[in-house]
Amino acid sequence: MAHLSFDGCDAVALAKEYGTPLYVVSERMIRGRLREIRDDFLGRYPNTGALYASKALQTLDILRIVASEGVGLDVVSGGELFAASKAGFPMDRVYFHGNSKTDAEIRMAVEYGVGRVVVDNLHELETLNRAATALGRRAKILFRVAPGVDSHTHEYISTGRLDSKFGIPLDRRVRDAYVGAALGMEGVELLGFHFHVGSQLLSNESHLKAIGVVCSLMAEVKADYGFETAELNLGGGYGVHYHGDERAKPLSYFVDPMMAELSAACAAANLRLPRVVVEPGRWVVGEAGITLYTVGSKKAIPDVKTYIGVDGGLPDNPRPALYGAVYEASVADRHDAPRDEVVTVAGKCCESGDILIRDVALQSPEPGDVLAVFTTGAYNHSMASNYNRLPRPAMVLTDSGEHRLSVRRETFEDLIAREL
Ligand SMILES: Cc1ncc(COP(=O)(O)O)c(C=O)c1O
């Protein structure tokens, strides 16, 4: 029986060498996506920029890979910014996002000299102005706006609606307060706007609608304030394959029509085409990762279902419990065997909701088998917890048959290291 091969590596051998649960992430595939960004966006359109949304998967190795491919970075907390700095990421290529930045994080962003702060509320704007002025700096900012478009994705990852915790509503009364205030501040330089309509989008419809909305905004602030938008950040959100017929679209499927729409709208409204920035996260790393587990139990409930239990679950992948995410899997020991048994893959946590995959046809999994769950590169390692005191998994980076440990497995000692 053939073993599952991932990026030229035998998945069963990886499980044996590094233990399970194990995140396996292909450096080659991540570089492939970053190069697609370079070739099909940065190389094709002048005056553009690209950021990797590092919330999807942030480790020092991933940061170094992104930096080496010439792509910038979206960070969303002091911790992500600190790690970026430790990895030697060029700070002028870092954008600091977040809907509730602390005063300390705002000061940190100014001190580190990040390229842009993406401002989400008035309090943050005022704090940033004070922090930058005190340090004799001028922080370059974008306003995150809520374009009021509904994207067809799970409610928890839909972010561009009017009723959202993210972004500034475009109601004139609210928007005027922000733009007017920023233009009068010494410590900030307003460059433009940002939107992020949602995540795991397989259609470009919401992005295109949002372009129409921000183009109207750009025309209005030019008319009202004489302010010409210099930069527009179109967010990320491009979907990947998790299950069934879903297929990741090439980057060009999103960026080409957005650029065409934007150019046409700017020409029609007599606006200068701003610098355009995109910031995908999941699309860069999602399909580049798999998670390997060891099957620990099998329990058949007659006329109901068969459960198999694995040695991880909700703590290493909270997405199924958080928003019903659906995954595909394979028994790595018998990848080519017929999928002749329908089972439900349960995690090992004390939560009935800790189910990784419901009713999936697999190759008759048995205790001791290695189970591979696909497309776990994004929002798995970065969302992992220690619930039930489970040590977080190790991470191995692969590259065409080569593999190396990138993040070591947590130990029981690590679990109590902070406790006094
Ligand atoms: C502001 C912003 N940019 C980019 C992203 C990345 O989204 P995705 O991983 O879907 O590309 C997110 C995700 O939450 C976000 O909030």
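A residue is called buried when its relative accessible area is under 20%, exposed when it is over 50%, and partly exposed in between, using a 1.4 Å probe and protein chains only. This is a predicted model, in which local features need pLDDT of at least 70 and side-chain atom pairs count only at pLDDT 80 or more, while totals for chains, interfaces and linings use all residues. Residues are numbered from 1 along each chain as its sequence is written, and side-chain values use heavy atoms, leaving out hydrogens and water.

**Stop 1: the whole chain**

Show the protein chain as a cartoon. Its secondary structure comes to 12 helices and 20 strands; helices (H or I, at least four residues) and strands (E, at least two) are DSSP runs, numbered from the N terminus. The radius of gyration is 23 Å, close to the 22 Å that the globule rule gives for 420 residues, so the chain is as compact as a globular protein of that length. That radius is taken over C-alpha atoms, and the rule is 2.2 Å times the number of residues to the power 0.38. Along the principal axes, the C-alpha atoms fill a box of roughly 70 × 50 × 40 Å. Buried residues make up 53% of the 420 residues.

**Stop 2: the ligand**

The ligand is surrounded by 15 residues, the closest being Ser-199, Gly-237, Glu-279, Arg-282 and Tyr-379.

Now look at single atoms. In the side chain of Glu-279, an N or O atom is 2.7 Å from a nitrogen atom of the ligand. Arg-282 places a backbone N or O atom 2.7 Å from an oxygen atom of the ligand. For Tyr-379, an N or O atom of the side chain is 2.6 Å from a ligand oxygen atom. On its own the ligand has 390 Å² of accessible area, and the protein covers 92% of it; such areas come from the Shrake-Rupley method with a 1.4 Å probe, and for residues only the protein chains shown count as cover.

**Stop 3: helix H3**

Select residues 60-68, which form helix H3; its buried residues are Asp-61, Ile-62, Leu-63, Ile-65, Val-66 and Ala-67. Is Asp-61 buried or exposed? Its relative accessibility is 14%, so Asp-61 counts as buried. The side chains of Asp-61 and Arg-64 make a polar contact at 3.1 Å. A polar contact is a pair of N or O atoms within 3.5 Å; within protein, one must be able to donate a hydrogen and the other to accept it, and residues adjacent in sequence count only if both atoms are side-chain atoms. Not counting residues up to four places away in sequence, Asp-61 touches Leu-397, Arg-404 and Ser-406, where contact means heavy atoms within 4.5 Å. Just after H3, Gly-70 takes a positive phi of about 80°.

**Stop 4: backbone angles in loops**

Most residues other than glycine have a negative phi, and most peptide bonds are trans. Go to the loop between helix H1 (11-18) and strand S3 (22-26), where Pro-21 lies. The peptide bond from Thr-20 to Pro-21 is cis, with omega near -10°.

Next, select Asn-47, in the loop between helix H2 (27-42) and strand S4 (48-53). Asn-47 is not a glycine, yet its phi is positive, about 55°. At 48% relative accessibility, Asn-47 counts as partly exposed.

Then move to Asn-388, between strand S18 (370-374) and strand S19 (394-399). Its phi is also positive, near 60°, and at 33% relative accessibility Asn-388 counts as partly exposed.

Terms used
Near = heavy atom within 4 Å.
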